[in-house]
Amino acid sequence: MKTSELIVNKSRFIAYAYELNDLDSVEKLIINLRAEHKKARHVCYAYCYNREIVSEKCSDDGEPKGTAGYPILNVIKKKELNNILVAVVRYFGGIKLGAGGLTRAYTKVTAMVLDEK
């Protein structure tokens, strides 16, 4: 697991990248993140899986449609990665970021965590 963090207008975005060995682990990882970050507003995620089956999925988890899950998935696909889950925990900082601001924040923190060595 790798992590990266980004602060945008007092909102805190914490990205987690996990290697996926099977799709059953996705739900468990998201449940564990929700338990660890009980005060977080959102746990958005996306994954690409390509082993015995090919699957991809993304979730905005209450963020405006298309502003979180899809930007995460888009970064994963642009980097041509498979068998990976990226989840981003967001703590709301009291300042609305708008659709463009959310998209940029989720895209940036996802790229940061995937570029971690």
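Modeller: The buried residues of α3 pack against β1 (2-8), β2 (11-19), β3 (42-50), α2 (69-78) and β5 (84-91). Buried means under 20% relative accessible area, exposed over 50% and partly exposed in between, with a 1.4 Å probe and protein chains only. Contact means heavy atoms within 4.5 Å, and helices (H or I, at least four residues) and strands (E, at least two) are DSSP runs numbered from the N terminus. The model is predicted: local features need pLDDT of at least 70, side-chain atom pairs count only at pLDDT 80 or more, and totals for chains, interfaces and linings use all residues. Residues are numbered from 1 along each chain as its sequence is written, and side-chain values use heavy atoms, with hydrogens and water left out.

Biologist: Which residues of α3 are buried?

Modeller: Helix α3 covers residues 98-115. Its buried residues are G101, L102, A105, Y106, V109, T110, V113 and L114.

Biologist: How far apart are the end C-alpha atoms of helix α3?

Modeller: The expected span of a helix is 1.5 Å times one less than its number of residues. Helix α3 has 18 residues, so it should span 26 Å, and this agrees with the distance between its end C-alpha atoms, 26 Å.

Biologist: Is V26 buried or exposed?

Modeller: V26 is found in helix α1 (residues 24-36). Leaving aside residues up to four places away in sequence, V26 touches L20, Y45, Y47 and L85. With a relative accessible area of 6%, V26 is buried.

Biologist: How many disulfides are there?

Modeller: A disulfide is a pair of cysteine sulfur atoms within 2.5 Å. C48 is in none, because the nearest cysteine sulfur, that of C58, is 9.4 Å away. C58 is likewise in no disulfide. By this rule the count is 0.

Biologist: Is C58 buried, exposed or partly exposed?

Modeller: C48 is buried, at 4% relative accessible area. C58 has 32% relative accessibility, so C58 counts as partly exposed.
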